[in-house]
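Please look over the sequence and the model that follow.

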Amino acid sequence: MITYKLVPKESTEFEDIQAFAQSFDHEIVEHPNINVYAHYNGDRLFGYSDHVFLPTIYPAFHPSFTKPRDVLQVMSDWRAHSQLSGNSGYIGVPLEGDRPNFTEDVMKKLGLRRNFREIYSL
């Protein structure tokens, strides 16, 4: 069973999830407008989501601990959460050339459509 847990900023748990992210070449940068949710399958931490300026969500999944079905469930859960919260909901993923896991075909299978917009940050 997949569960989600809000990770409090400035906690040892937040530092642990930052180390977890680094273990598979990701980085969580603390920011006042960010909420990080840890993804657990039973007791096993397998991923996390950055919620920045809701309703945009940036998921990340550790390749050693994540099954394709886990990705599908997490993406569907967050889409439903966004819709139930009255938001249109955006999923932020790297451009196809940077991360081949999220191709146009994969995103269509997840029921998501491309907006042909890029998000820039400072």
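Does N41 count as buried, exposed or partly exposed? At 27% relative accessibility, N41 counts as partly exposed, where buried means under 20% relative accessible area, exposed means over 50%, and partly exposed lies in between (1.4 Å probe, protein chains only). The model is a predicted one, in which local features need pLDDT of at least 70 and side-chain atom pairs count only at pLDDT 80 or more, while totals for chains, interfaces and linings use all residues. Residues are numbered from 1 along each chain as its sequence is written, and side-chain values use heavy atoms, with hydrogens and water left out.

As for confidence, the chain has a mean pLDDT of 81, with 78% of its residues at 70 or more; pLDDT is the predictor's confidence in each residue, from 0 to 100.

The chain has three helices and five strands, which run β-α-β-β-β-α-β-α from the N terminus on. Helices (H or I, at least four residues) and strands (E, at least two) are DSSP runs, numbered from the N terminus. Of the 122 residues of the chain, 32% count as buried.

N41 itself lies in strand β2, which covers residues 34–41. Leaving aside neighbours within four places in sequence, N41 is in contact (heavy atoms within 4.5 Å) with M1, I2, F46 and D70. β2 runs antiparallel to β3, and eight bridges join the two strands; strands are taken to pair if DSSP finds at least two bridges between them. Within this pairing H39 stands opposite G47 in β3, and the two strands form a hairpin with two residues between them, where G42 in the turn has a positive phi of about 70 degrees. On β3, seven of the nine residues are buried. β3 also pairs with β4 in the antiparallel sense, over six bridges, and the bridge partner of Y48 in β4 is A60.

Returning to V36, its contacts beyond four places in sequence include F14, I17, I28 and Y48.

The aromatic rings give another view of the fold. Rings of Phe, Tyr and Trp (its six-membered ring) pair if their centres lie within 6.5 Å, and planes under 30 degrees apart count as stacked, over 60 as edge-to-face and the rest as tilted. By this rule the count comes to six aromatic pairs. One of them is the stacked pair of F20 and F65, at 6.4 Å centre to centre with 15 degrees between the planes. Because F20 lies in helix α1 (residues 12–22) and F65 in the loop between β4 (56–61) and α2 (68–84), this pair ties together parts that are 45 residues apart in sequence. F20 counts as buried at 10% relative accessibility, whereas F65 counts as partly exposed at 32%. Ring pairs also link F20, F24, Y48 and F65 into a cluster.
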